[in-house]
Amino acid sequence: AFVDSVQQLVETYVDSRVAAADITSNLMIAAGGWVALKKMTPGLLTLSGTIASGLAHSVAVQSFWAGPLAGKLYYSLVGVTTPMALSAGVFGALLLPASFIAAFAGIVADPLQRKLKLHDKRLHKLLDGVEQNLLGEQSELALKDHYVARIMDLIDWTQALIRLAR
């Protein structure tokens, strides 16, 4: 029972590290979207939709029958429909760079978390839980990182659904 409870504590700790990487990745994607596109892109889904819309608009303007200037004016009034295949293609194309960002998110997140003493706080909670288990008491590790990561995902999906509804 002791080994199982300690294993559960360590799994919870590792899950919080994964969630921290998710949060960092989403923040980096949001920052990249803000710098490059001047739009809020809290996740990959929103970023790919924004890029696909920009591509569709650019192609429509450039291929307008009366020229790009007239196309820009026309499509600013009418709007451009973004094909779902284009959105899916851009999303697929961004998966590799996004996974690269997620894989190395710890390089950015770890020094920041150490400076903010978040690592110390988590490790002390883990050690306190192991100590309680050694003393025969039942303990759980309550870390909230995964909630923050899922809230960011929820914001990303909500923005994507709003874009789709338009």
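Predicted model: local features only at pLDDT ≥ 70, side-chain atom pairs only at ≥ 80, totals over all residues.
Let me begin with helix 1, which covers residues 2-37. At 1.5 Å a residue, its 36 residues should span 52 Å, and since the C-alpha atoms at its ends are 52 Å apart, the two values agree. Following the helix comes Lys-38, which has a positive phi, near 60°.

Now to the partner of helix 1. Helix 6, residues 118-134, packs with helix 1 at an angle of about 170°, and the axes are 9 Å apart. Because an angle over 145 degrees counts as roughly antiparallel, helix 1 is described as roughly antiparallel to helix 6. On the helix 1 side the contact includes Phe-2, Leu-9, Tyr-13 and Arg-17, while helix 6 contributes, among others, His-119, Leu-123, Leu-126 and Val-130. Sorted by class, this contact has 10 nonpolar, 5 polar and 2 charged residues.

My last topic is the aromatic rings, where the count comes to 5 aromatic pairs. In one of them, Phe-64 and Tyr-74, the ring centres are 5.1 Å apart and the planes lie at 25°, so this pair is stacked. Phe-64 sits in the loop between helix 2 (44-62) and helix 3 (68-78), whereas Tyr-74 belongs to helix 3, so the pair ties together parts that are 10 residues apart in sequence. Are these two residues buried or exposed? Phe-64 is buried, with a relative accessible area of 12%, and Tyr-74 is partly exposed, at 38%. Finally, ring pairs link Phe-64 and Tyr-74 with Trp-65 and Tyr-75 into a cluster.

Terms used: Residues numbered from 1 in each chain as written. Heavy atoms only, no water. Phe/Tyr/Trp six-rings, centres within 6.5 Å; stacked < 30°, edge-to-face > 60°. Helix = DSSP H or I, 4+ residues; strand = E, 2+ residues; numbered from the N terminus. Buried < 20%, exposed > 50% of the residue type's maximum accessible area, 1.4 Å probe, protein only. Expected span 1.5 Å × (residues − 1). Axes fitted to C-alpha atoms, helices over the stretch in contact; angles between N-to-C directions. Parallel < 35°, antiparallel > 145°, perpendicular 65-115°, else oblique. Contact = heavy atoms within 4.5 Å. Nonpolar A, V, L, I, M, F, W, Y, C, P; charged D, E, K, R; others polar.
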